[in-house]
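This briefing is meant to be read with the sequence and the 3D view open side by side. Please follow the topics in order and locate each element as it is named.

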Amino acid sequence: MARVLVVDDDLTVREVLASYLRAGAHDVVEAGDGEQALRAMSERPADIVVLDLMLPGIDGLEVCRRLRQSSEVPIIMLTALGSEANRIMGLELGADDYVGKPFSPRELVLRVDSVLKRTGHSDEGGVVADGALVVDADRRVATDGGKELSLTTREFDLLRYLIAHPGKAFTREDLLEHVWGWTIGDRSTVTVHVRRLREKIESDPTRPERLVTVWGVGYRWEPTEVTA
């Protein structure tokens, strides 16, 4: 049973989400604002956070930023339609996923289950490596030159998938399907995560040598050349 923190200032939304999540065998904690959310996480951390961006006082973006300072807990944002700028900013701050309002509670539960599965119950275990970069899916640890990388859930999944398929070009739609588990979604989600991942694995993110852009297609993992 996973512990889910639902953060929304709308009591009806919280109650509906809590009802569906509990029906899905999850332990649910509710928070009506940013302060309550941060306090709940400090007292007993959740396994995943469902976070509305429009909150009184400390807004959702600030909550996301503060959580990322000390935790890699998966975060699913709830965003109003038309708030693309805030959605992109949330992804930049480290959110793993988003659901636009209005939304189906069933869809939200499926997103929660998908993220939780990838976090701790993925069938894709084992270790993949490329040169000094090693990704251990069982331990959920990635190291580069022996130094552990600080990656969000989706960044980790994206890195592992690309390293496991060296030299193959993927469209953003391909990556949405295979990494996020979406058949329909916003391609900018992939773009943002690629940019964030490059900042952590490339010596010069503006001139990537590992995670390269394939113009007109998408992205490709360029395997390390082995010299004699």
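Contact, as the word is used here, means heavy atoms within 4.5 Å. Leaving aside its neighbours within four places in sequence, Asp157 is in contact with Arg118, Arg140 and Val179. The model is a predicted one, in which local features need pLDDT of at least 70 and side-chain atom pairs count only at pLDDT 80 or more, while totals for chains, interfaces and linings use all residues. Residues are numbered from 1 along each chain as its sequence is written, and side-chain values use heavy atoms, with hydrogens and water left out.

**The open sheet**

- Helices (H or I, at least four residues) and strands (E, at least two) are DSSP runs numbered from the N terminus, and two strands pair if DSSP finds at least two bridges between them.
- Five strands make up an open sheet with parallel pairing, in the order S2-S1-S3-S4-S5, and its edge strands, each pairing on one side only, are S2 (27-31) and S5 (97-101).
- On average, and with direction ignored, neighbouring strands of this sheet are turned by 20 degrees against each other; axes are lines fitted to C-alpha atoms, for helices over the stretch in contact, and angles run from 0 to 180 degrees between N-to-C directions.
- Within the sheet, S3 (residues 48-52) pairs with S4 (residues 75-80) in the parallel sense over four bridges, and Asp52 stands opposite Leu78 in S4.
- Helix H2 (residues 34-43) lies across strands S1 (3-7), S2 and S3, and runs at about 165 degrees to S1.

- Tyr98 is found in strand S5 and counts as buried at 10% relative accessibility, where buried means under 20% relative accessible area, exposed means over 50%, and partly exposed is in between (1.4 Å probe, protein chains only).
- The C-alpha atoms of Tyr98 and Thr79 are separated by 7.0 Å, although these residues are 19 residues apart along the chain.
- Leaving aside neighbours within four places in sequence, Tyr98 is in contact with Ile76, Met77, Thr79, Arg87, Arg111, Trp182, Asp186 and Thr189.

**Salt bridges**

- Side chains of opposite charge can pair when their charged atoms come close.
- The structure holds 18 salt bridges, each being a side-chain nitrogen of Lys or Arg within 4 Å of a carboxyl oxygen of Asp or Glu.
- One of them joins the side chains of Glu62 and Arg65 at 2.5 Å, N to O; being three residues apart in helix H3 (residues 60-70), Glu62 and Arg65 are separated by about one helical turn.
- Glu62 is partly exposed at 22% relative accessibility, and Arg65 is likewise partly exposed, with a relative accessible area of 34%.
- Glu92 forms a salt bridge with Arg195, with the closest N and O atoms 2.2 Å apart; because Glu92 lies in helix H4 (residues 84-92) and Arg195 in helix H8 (residues 188-201), the pair ties together parts that are 103 residues apart in sequence.
- Both partners are partly exposed, Glu92 at 26% and Arg195 at 36% relative accessibility.
- Asp157 forms a salt bridge with Arg140, the closest N and O atoms being 3.0 Å apart; Asp157 lies in helix H6 (residues 153-163) and Arg140 in the loop between strand S7 (133-136) and strand S8 (141-144), so the pair ties together parts that are 17 residues apart in sequence.
- In this pair Asp157 is buried, with a relative accessible area of 9%, whereas Arg140 is partly exposed at 23%.
- Salt bridges that share partners join Asp97, Glu107, Arg111 and Arg154 into one network.

**Packing of two helices**

- Helix H7 (residues 172-180) packs against H8 at an angle of about 80 degrees, with their axes 9 Å apart.
- H7 is therefore roughly perpendicular to H8, since angles of 65 to 115 degrees count as roughly perpendicular, those under 35 as roughly parallel, those over 145 as roughly antiparallel and the rest as oblique.
- The contact is made by Arg172, Leu175, Leu176 and Trp180 of H7 and by Thr189, Val190, Thr191 and His193 of H8.

**A hairpin**

- Strands S11 (residues 211-214) and S12 (residues 218-221) pair in the antiparallel sense over four bridges, and the bridge partner of Thr213 in S12 is Tyr219.
- S11 and S12 form a hairpin with three residues between them, and Gly216 in the turn has a positive phi of about 85 degrees.
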